[in-house]
Amino acid sequence: MATSAGGASAGYNGTRVCGEAGGRVEAVNRTKGKILGSRVRTAASFRRRLQGLLGTRELRRGEGLWIVPCASVHSFGMGYPIDVLFLDAAGNVVGLFPAL
């Protein structure tokens, strides 16, 4: 999942993506009770994953893209930094790469 840079800086222990509704999810740090992303789009189809964040100028605070399934990402051509989080099957964050 990609979020606006700094959006996941609160740490990722206890963070989970949940509440899927209408192609959007919410990323919540359950340990700290903090919402990290309230407007996270889901990219679950081949077309949506292929498009990713292409054509976007920025991600505002609270925005993100959850790419399902996803084992790797690239930031070639990105004009702004993103935080990249890797999730397990339960939606728990298992890896974090800030400000790529």
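Which residue in S7 is the bridge partner of Leu85? The legends below begin with the overall fold and then return to this pairing.

**View 1. Overall fold of the predicted model.** This is a predicted model, in which local features need pLDDT of at least 70 and side-chain atom pairs count only at pLDDT 80 or more, whereas totals for chains, interfaces and linings use all residues. Residues are numbered from 1 along each chain as its sequence is written, and side-chain values use heavy atoms, with hydrogens and water left out. The protein has one helix and seven strands, where helices (H or I, at least four residues) and strands (E, at least two) are DSSP runs numbered from the N terminus. Along the sequence these elements follow the pattern β-β-β-β-α-β-β-β. Of the 100 residues, 32% count as buried, a term that means under 20% relative accessible area with a 1.4 Å probe and protein chains only.

View 2. Strand S6 (residues 82-87) pairs with strand S7 (residues 93-97) in the antiparallel sense over four bridges; two strands pair if DSSP finds at least two bridges between them. The bridge partner of Leu85 in S7 is Leu96. Five residues lie between the two strands of this hairpin, and Gly91 in the turn has a positive phi of about 90 degrees.

**View 3. The second largest pocket and its lining.** The volume of the second largest pocket is about 170 Å³, volume being the space filled by probe spheres set on grid points that are joined across faces, edges and corners. Of the 14 residues that line this pocket, Trp66, Ile67, Val68, Cys70 and Leu87 are the closest to its centre. A pocket here is an open set of points on a 1 Å grid over the protein atoms alone, where a 1.4 Å probe fits, with protein on both sides within 12 Å along at least five of seven lines, and lining residues have an atom within 4 Å of a point. Strand S5 (63-67) and S6 each supply at least two residues of the lining, and S6 gives the most, with four residues. The lining divides into 12 nonpolar residues, one polar and one charged, where Ala, Val, Leu, Ile, Met, Phe, Trp, Tyr, Cys and Pro count as nonpolar, Asp, Glu, Lys and Arg as charged, and the others, Gly among them, as polar.

**View 4. Gly64 in strand S5.** Gly64 has its place in strand S5 and is buried, with a relative accessible area of 0%. The C-alpha atoms of Gly64 and Glu26 are separated by 9.2 Å, although these residues are 38 residues apart along the chain.

Conventions: Buried means under 20% relative accessible area, exposed over 50%, partly exposed in between (1.4 Å probe, protein chains only).
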